[in-house]
Amino acid sequence: MNDTSAVKDALRRQQIETPSWAYGNSGTRFKVFAQGGVPRTPQEKIDDAAQVHRFTGVAPSVAVHIPWDRVDDYAALAAHAEERGVRIGAVNTNVFQDDDYMLGSVTNPDAAVRRKALGHLLEAVDIMDQTGSRDLKLWFSDGTNYPGQDDIRTRQDRMAEALAAVYARLGDDQRFLLEYKLFEPAFYMTDLPDWGASYAHCLKLGPKAQVVVDTGHHAPGTNIEFIVAFLLREGKLGGFDFNSRFYADDDLMVGAADPFQLFRIMYEVVRGGGYDAETGVAFMLDQCHNIEPKIQGQIRSVMNVQEATAKALLVDADALRAAQRSGDVLEANAAFMDAYNTDVRPLLAELREEMGLHPDPVAAYKASGYYERVVEQRKDGQAAGWGA
């Protein structure tokens with residue numbers, strides 16, 4: 001796509017979902033560093049998410065996490081979001097923090113624990129009904145630490161049974177996105193360790209079950225863009241959890257560790273039609289800001305996705321295909337790299353001004369005084385963090 005106006009039109013339609021938990025205090029297993037102005041309630045998390053949309057123009061939804069964002073009235077929470085100019089996005093489940101889940105949730109050997117976990121997943125669908133959410137996000141920490149600890153095949157049977165029950169509960173306009181993770185907290189065997197396992201379960205269930213790709217959940221050197229291309233080809237890519245990693249599931253700002261990888265991923269999304277609204281691919285952030293300011297970290301992340309997408313849209317597809325068909329390896333790579341090496345920041349700044357936004361979202365946010373106001377307003381009470 002070489003037409004600058006067409007690239008701008010495509011970028012104007014972009015939507016990137018931010019996660020409610022990114023606005024709370026978070027850290028590593030060693031330490032959580034508290035910050036000023038951190039939200040105390042789900043409503044205040046939505047207020048902060050609305051600031052990201054206010055200054056970027058492309059972050060109109062916020063994912064919630066249950067029970068961290070539990071409220072008495074979810075319809076009222078959705079109304080609060082609408083008043084702030086955003087909406088509730090994916091509903092994320094939590095079957096990994098209770099003591100009962102030490103040996104797993106839906107794959108636990110204890111049938112009572114499995115029933116408890118399934119009950120929570122079905123409760124999340126009820127919340128979707130009340131908030132108008134389309135997506136249910138499922139991630140399971142289930143697995144084992146030692147060979148022989150539990151039967152691998154039986155655990156897959158338990159997983160399939162639970163997923164089938166959730167699938168049957170979904171409404172016509174709802175779906176679940178099934179996440180996977182190579183390891184942690186289970187270290188010998190994770191019940192959903194890779195895209196193949198997630199894909200196999202989703203394929204068996206039907207069109208309302210799709211795979212979500214968390215960019216931090218793979219072994220070192222994994223070609224994530226291949227996974228994206230494959231799932232798009234099969235119509236099974238439901239969305240992304242965008243973050244960045246140096247070593248494992250680091251949950252850093254997307255594009256921080258390997259911006260070239262993010263570009264390669266977004267090229268396959270564009271190439272495979274995943275950027276078209278009708279495919280339903282959800283572009284979500286899943287990050288924990290341990291030392292960086294929360295809202296600024298989300299704004300920067302959104303901007304990073306925008307830049308990678310702009311470069312992907314600028315690939316000269318005709319030149320690339322011609323070189324590929326003729327077997328010209330270097331020309332094909334050059335066509336690819338030309339787009340990556342393009343400085344798209346002036347184009348995005350121009351686009352923001354056309355959208356009535358400040359060309360520099362971070363500078364505009366800093367100048368707004370929002371952070372200073374919420375630091376004062378939220379100085380009393382319990383700041384949200386892990387588990388809240």
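Which residue forms a salt bridge with Asp135, and how far apart are the closest N and O atoms?

The model is predicted, so local features are given only at pLDDT of at least 70 and side-chain atom pairs only at pLDDT 80 or more, whereas totals for chains, interfaces and linings use all residues. Residues are numbered from 1 along each chain as its sequence is written, and side-chain values rest on heavy atoms, with hydrogens and water left out.

View 1. Eight strands form an open sheet with parallel pairing, in the order β1-β2-β3-β4-β6-β8-β9-β10; strands are DSSP runs of E with at least two residues, helices are runs of H or I with at least four, and both are numbered from the N terminus. Two strands count as paired if DSSP finds at least two bridges between them. Because β1 (18-19) and β10 (282-285) stand at the edges with a single partner strand each, one side of each is left without a neighbour in the sheet.

**View 2. Pairing of β3 with β4.** Strand β3 (residues 87-92) pairs with strand β4 (residues 135-138) in the parallel sense, over 2 bridges. Asn92 has Lys137 in β4 as its bridge partner.

**View 3. Helices lying across the strands.** Helix α6 (residues 195-205) lies across β6 (175-178) and β8 (209-214), and runs at about 160° to β8. Helix α8 (residues 259-271) lies across β9 (237-242) and β10, and runs at about 160° to β9. Angles, from 0 to 180 degrees, are taken between the N-to-C directions of axes fitted to C-alpha atoms, for helices over the stretch in contact, where contact means heavy atoms within 4.5 Å.

**View 4. The salt bridge of Asp135.** Asp135 forms a salt bridge with Arg134, with the closest N and O atoms 3.0 Å apart; the term requires a side-chain nitrogen of Lys or Arg within 4 Å of a carboxyl oxygen of Asp or Glu. Asp135 is buried, with a relative accessible area of 5%, whereas Arg134 is partly exposed at 37% (buried is under 20%, exposed over 50%, partly exposed in between, with a 1.4 Å probe and protein chains only).

View 5. The side chains of Asp126 and Arg169 meet in a salt bridge (2.7 Å, N to O). This pair links distant parts of the chain, 43 residues apart, with Asp126 in helix α4 (residues 111-131) and Arg169 in helix α5 (residues 152-169). Asp126 is partly exposed at 34% relative accessibility, and Arg169 is partly exposed at 29%.
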